[in-house]
Amino acid sequence: MSLSRFHHPARGYNFLTPFLHNLIFDLRGGLDVSTRWNSTYDMLKEALEYKDALNHYANLQNIQAPNLEQWSLASRACQFLKHFSDTTKVFSQHNSPSAHRYVEEVWGTRELLLDEKNRSDTFLKVLCDDMKSKFDKYWDEPNKILLVSSLLDPRYKLSFLKYCLMKVYGEEVADRKANDALIWFKAYYFHYERIMQRSSQSNISSWPEVGSSASMLSSLSGKRELGLEFALFRQRSRPHRSRRLEADTYLDDSLVPSREGEEFDVLRWWRRNQDQYLVLARMAHDFLAIPLSTVASESTFSTAGVVIDKYRNSLNSEIVEALICVKDWLKGYLSDDEDDDGVITAQEIN
């Protein structure tokens, strides 16, 4: 349902009256799209902004306006849904990393559903109970990949996950579940370490004999690759008793402080610290590129349907890919123009 209805007082009120009345008994709203609750939130938010104008128009037309209790219910429902709207935007974003925010967002939602302030409200309690049952159904078993991704957030690491688990299960169960996450994390770490070691050994074995320095330099991909190989060589050359896992060092290091209201750039942090955490930086390069939701990928298929129609169905795959990518890049460039300075993409951590 278009929000432009509110921009015309008469049409806005004719739409708003049944919507607010239905809201009291069913949050979906009789005239709203039942499968898209976010449109309900958007309409509630805008309706509350036009509250005085709509009440004034109702008085002029001698129409019964929503009473104070109904407006109060609309306001409480709007405040309640705001968190879900914000979380949905985090889950569906595709132009910046979101996987590391998995635990933060999921547990934040759980806390909201258990918040005493919401549960003391008879209207919101019914919503919380229904949503909590669905939440437990879908989120009781966490996604291993996303848990590993959340440990790559230097603000939280394993400490935040364990804290959240303790609030739900108690210390004993929390320790066991956190240890499971740590095992998965290290399993991926060792996998990436082996890959990087094989890559380093392969590059070293392919170097030409000493005596032809020009050909040797041409075989290298640059000082960056040379520095990476030397760092790995130095790690392997350390005495076994003094060597410490890079993953253990990272987890034991102090958490990166975060400031309220300040956006943390996780990619920038890994770029700055990739010399210290060679293997983990490569992990971050891959894991932080994983989207929390398939919404962005599904929208890509919708875009493809616009590009390839009955008049342009002979385009080859390269042209179709180029058209879709250029459209997406241009859209991102225009929408994020003010954030151009210092923007780092996942591809830059390499």
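Analyst: A salt bridge here is a side-chain nitrogen of Lys or Arg within 4 Å of a carboxyl oxygen of Asp or Glu. The model is predicted, and local features need pLDDT of at least 70, side-chain atom pairs count only at pLDDT 80 or more, and totals for chains, interfaces and linings use all residues. Residues are numbered from 1 along each chain as its sequence is written, and side-chain values use heavy atoms, with hydrogens and water left out.

Helices are DSSP runs of H or I with at least four residues, strands are runs of E with at least two, and both are numbered from the N terminus. The two partners fall into separate exposure classes, buried meaning under 20% relative accessible area, exposed over 50%, and partly exposed in between (1.4 Å probe, protein chains only). Arginine 155 is buried at 12% relative accessible area, whereas glutamate 104 is partly exposed at 22%.

The pair does not stand alone. Arg101, Glu104, Glu105, Asp153, Arg155 and Glu263 are joined in a network of salt bridges. In general terms, side chains of opposite charge can pair when their charged atoms come close.

A cavity is a set of points, on a 1 Å grid over the protein atoms alone, where a 1.4 Å probe fits but cannot get out; lining residues have an atom within 4 Å of a point. Grid points are joined across faces, edges and corners, and the volume is the space filled by probe spheres set on the points. The count by this rule is 1 cavity of 30 Å³ or more, and the largest cavity holds about 40 Å³ of space. Helices α5 and α9 each contribute at least two residues to its lining, with α9 giving the most, 3 residues. The lining comprises 4 nonpolar, 2 polar and 2 charged residues; Ala, Val, Leu, Ile, Met, Phe, Trp, Tyr, Cys and Pro count as nonpolar, Asp, Glu, Lys and Arg as charged, and the others, Gly among them, as polar.

Lysine 82 and aspartate 86 form a salt bridge at 2.9 Å, N to O. These two residues lie about one helical turn apart, because 4 residues separate them in helix α4 (residues 68-92). Lysine 82 is partly exposed at 42% relative accessibility, and aspartate 86 is partly exposed at 35%. Arginine 268 pairs with aspartate 265, their closest N and O atoms being 3.8 Å apart. Arginine 268 is partly exposed at 30%, as is aspartate 265 at 29%. The structure holds 17 salt bridges.

For context, the chain has 17 helices and 0 strands. Of its 350 residues, 35% are buried. Contact means heavy atoms within 4.5 Å; among contacts with a separation of 6 or more, 71% are between residues 24 or more positions apart. The accessible surface, from the Shrake-Rupley method with a 1.4 Å probe, amounts to about 21,600 Å², of which 53% belongs to carbon and sulfur atoms.

Elsewhere, helix α15 (residues 278-287) is largely enclosed by the rest of the structure, because 8 of its 10 residues are buried. Among the buried residues of α15 are Val279, Leu280 and Met283. Tyrosine 189, in helix α10 (residues 171-205), is buried at 1% relative accessible area. Leaving aside neighbours within four places in sequence, tyrosine 189 is in contact with Leu245, Glu246, Ala247, Val279, Leu280 and Met283. The C-alpha atoms of tyrosine 189 and methionine 283 are 7.4 Å apart, although 94 residues separate them along the chain.

Key:
On a 1 Å grid over the protein atoms alone, a cavity is a set of points where a 1.4 Å probe fits but cannot get out, and a pocket is an open set with protein on both sides within 12 Å along at least five of seven lines; lining residues have an atom within 4 Å of a point.
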